[in-house]
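I opened this notebook to record what I looked up in a two-chain model. The entries follow the order in which I looked.

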Amino acid sequence: MDFLVAPIAVAGIAGIMATLVALVDMVANNYGEVTIDVNEGKKEMTVRGGSPLLLTLSTEGLYLPSACGGRGSCGACKCRIISDIGPYLPTEIPYLLPEELKQNIRLACQIKVKTNIGIEIPEDLFNVKQFSATVTAIKDLTYDIKEVLFELGDDTIDFEAGKYVQLVIPPYDKIKESTQRAYSMSSSPSNRNQIELLVRLVPGGIATTYVHQHLEVGQKLDLIGPFGDFCRTASDAIMLCIAGGSGMAPFKSMFYDMLDKDETNREIWYFFGARTTKDMFYLDEMRELEKQLSDYHFIPALSEPQEGDGWEGPTGLITDVLDRYLKETIETEGKVLEGYLCGSPGMIDACNRVMNDNGVIQDNVYYDKFA
Amino acid sequence: MTPQINPLILLFASIFTGNILLTNFLGLCSFISISRDMKSANGLGLAVTVVLTLTALINWAVMHYILIPLNLMVYRYIVFIIVIAATVQMLEMIIDRVSPALYMTLGIFLPLITVNCAILGVALFMQIRNYGLLQTLAFSFGSGLGWWLAIIALAAIQKKIARAPVPAGLQGPGITLITIGFMALAFIGFSGMLNVS
C-alpha cells in the first residue's frame, strides 16, 4: 500500500491549505450584508460584501462598461463613489485623470464592497442589459470588413443612434480568457430586435480575428450595452460627419434613425474616406439617402485611386477633401457647425485640426476613437 | 547534516554577500517592474520580506514533519508552491480585514509575489543546504531584507537615471538590467567580508 502514501500526503497538504484558505475567507472576507445606493435612492440593492464593486453590480443586473472583464487593464469601469471608501489603490491611479481624482471617481473593478456605499453612475446605464444574441447573417462588405447581424430573440434593445455594445468573445485557440470589445451599432434604433455591427479585421486582434475566422451563422454570442455618448445633438446645427473604414457604423445608424424619425431637413455633410475602391462599401445605400434626406450630402473620397478603377468622385486625403469643402462648397456664414468623427486616432486628430482651422469650435466636435 | 553556521552571520551573509537577487538573480520580474518609484518599491520589499520569512518557516515545518518522515522529498516543489500560494492568499485577506492602511502599502503587492521565484528559491536553498530552524529563520529573513535593500537601491538609482540621457534603444528595461548588473558587481565587493553558503 506504499504507493498510496504520496498521493494521500500531497492531496492532504493541498486539502488542508484549501480548507484554511476557505476558513479565512469565511471569517476575514465576510462583510455581511451591505447596501449599495445608486444615484441617491434611484436604486438600492442589498448584496453580500467582499467582492469587487464591478462584479457585485453585474450580479445585480447593473452593467458598467468594461473591456477587460475586471482585470484592471482597460480603465473603462469608472464610477463616482459618494461615501468614503479609503484611499486610491496604485492599480487605479494610472487610469484616472487629475480632475477625476478630485471627484472621487474610482475603478469599480478594483474596489471591494465592504460597507454600505453610495455610488453615482450615468442615468442611461440603468438601460444596459446583457443580451444572448444569435448570429443570423455575416456579409463581406470589403475584403476586411464584415457586417454581422444579431437577433435578440424575445429581448429588445432601446438605444440612441451612435452608441456601442460590448461583444463578449469566448475563449478560442490560444486565447484562454473571455474578452470584450466595443463595436458601434450600425442598425437603426427603430429595429429593436436586431443589432448590426461592422467589424474590420485588425491583424492580431483577438475579437476581430474571431469574428472574421471563427464566427458562424447560428452561433450564440453575448452582447452588453448600450454604452457611449457619441450621439447627435438635438440642435439644427450643420453636421460634419467624417468616417473611415468601419467608422461608418454609428453614422449609418444615425442617418437611418433620422429617416425613421422624420428628421429629414437637417444639413449633413458626410465625408467617407477610403484608400482604394476595394475599401469602399455602402456606396449605393449612402447615395440613396440623398434622395430621402433633403439636405444630406455624401462625399466618398479615395486617397489612393488606382488607374482604371472607374472612380469619378473626389480624391486625396480625407483631411484635404474636408478642408476643400469647408472653404469652397459648404455655406458656413452665420451657421453653427458640429463635427462628428469616427475612425482611427490619427484620422480623428488630423480632421479635428482641419475643423478647428476652419472655425468649428472644439466644444462642438464629438468623436469616437478606435482604441 | 545541519551545517555549523551562526544564524546571525547567516543573516548578514544573506543580506550582503549572498543577496538572493544580486547573486542568484531570483525575483527579477517584480524587481524590474515595480522599481520605478520609492513608495511602491518599499511596499513590495516589505511584502517580500514578510512572505519570504513566513513561507520559509512553514515550508521548513512541512518538510521536516511531513515530507521527510514519509520519504516524499521528490514532491517538495509542488508542496512548497501549494504552501506559498495558500499562505499568501490568507495573508492578503487577513491584512485587508485587519488593517486597511497596511493593505494599502503591503497587501496589494501580495498577489504579485505569489509567483516570485525568490520565494520558492529560498525554500529550495533552505532544503539543499540543510538549514536548521533558526538558520532558516535567519536565512529567509535576511534574504527578504537583502531583496528589500536591492529594490530600494534600484529605485533610488532609477530616480537619477530618469534625468540622464539614456540612448533611445536602452530606455526602460534595457538600462534597468545594465544597472542591476553594476549593482551585482558592487555587491560582489562584500564577498571578502563573509562567505557562507
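**Entry 1. A pair of helices in chain B**

I began with the contact between two helices, α1(B) and α8(B). On the α1(B) side I listed P7(B), L8(B), L10(B), L11(B), F12(B), S14(B) and I15(B). On the α8(B) side I listed L134(B), Q135(B), L137(B), A138(B), F139(B), F141(B), G142(B), S143(B), L145(B), G146(B) and L149(B). Two residues are in contact if their C-beta atoms, placed from the backbone, lie within 7 Å. The residues of this contact divide into 13 nonpolar, five polar and no charged. For these classes, Ala, Val, Leu, Ile, Met, Phe, Trp, Tyr, Cys and Pro count as nonpolar, Asp, Glu, Lys and Arg as charged, and the others, Gly among them, as polar.

I noted that the model is predicted, that local features need pLDDT of at least 70 and side-chain atom pairs pLDDT 80 or more, while totals for chains, interfaces and linings use all residues. Residues are numbered from 1 along each chain as its sequence is written, and chains are lettered from A and ligands numbered from 1 in the order in which they are written. Helices (H or I, at least four residues) and strands (E, at least two) are DSSP runs, numbered from the N terminus.

I then asked how two packed helices are described: by the angle between their axes and the distance between the axes. Helix α1 (residues 7-15) of chain B and helix α8 (residues 133-161) of chain B pack at about 25°, with axes 7 Å apart. That makes α1(B) roughly parallel to α8(B), a term for angles under 35 degrees; over 145 counts as roughly antiparallel, 65 to 115 as roughly perpendicular and the rest as oblique. The axes are lines fitted to C-alpha atoms, for helices over the stretch in contact, and angles run from 0 to 180 degrees between N-to-C directions.

**Entry 2. Chain B as a whole**

I counted nine helices and zero strands in chain B. Of its 197 residues, 43% are buried (20 or more other C-beta atoms within 10 Å of a residue's own; exposed is 12 or fewer, and partly exposed lies in between; C-beta atoms are placed from the backbone). Among contacts in chain B between residues at least 6 apart in sequence, 80% join residues at least 24 apart.

I looked up I84(B), which lies in helix α4 of chain B. Is I84(B) buried or exposed? I84(B) is buried, with 25 other C-beta atoms within 10 Å. I84(B) touches T55(B), T114(B), I119(B) and L120(B), leaving aside residues up to four places away in sequence.

**Entry 3. Where the chains meet**

I found 19 residues of chain B in contact with 18 residues of chain A. On the chain B side, two or more residues come from each of α3 (38-67), α4 (76-98) and α5 (100-105) of chain B. The largest share, ten residues, comes from α4(B). By class, this side has 16 nonpolar, two polar and one charged residues.

The secondary structure of chain A comes to eight helices and 16 strands. Of its 371 residues, 33% count as buried.

I traced an open sheet of five strands in the order β14-β13-β12-β15-β16 (chain A), with parallel pairing. Strands pair if DSSP finds at least two bridges between them. The edge strands, each pairing on one side only, are β14 (296-302) and β16 (365-369) of chain A. Six bridges join β12 (residues 238-244) of chain A to β13 (residues 268-274) of chain A, and C241(A) stands opposite Y270(A) in β13(A).

Which helices lie across these strands? Helix α7 (residues 318-329) of chain A lies across β12, β13 and β14 of chain A, at about 155° to β13(A). Helix α8 (residues 345-357) of chain A lies across β12, β15 (337-343) and β16 of chain A, at about 165° to β15(A).

**Entry 4. Backbone details in chain A**

The peptide bond from G225(A) to P226(A) is cis, with omega near -5°. P226(A) is found in strand β11 (residues 220-227) of chain A.

Y282(A) has a positive phi of about 60° although it is not a glycine. Y282(A) lies in the loop between β13 and α6 (283-292) of chain A, and is buried, with 21 other C-beta atoms within 10 Å.
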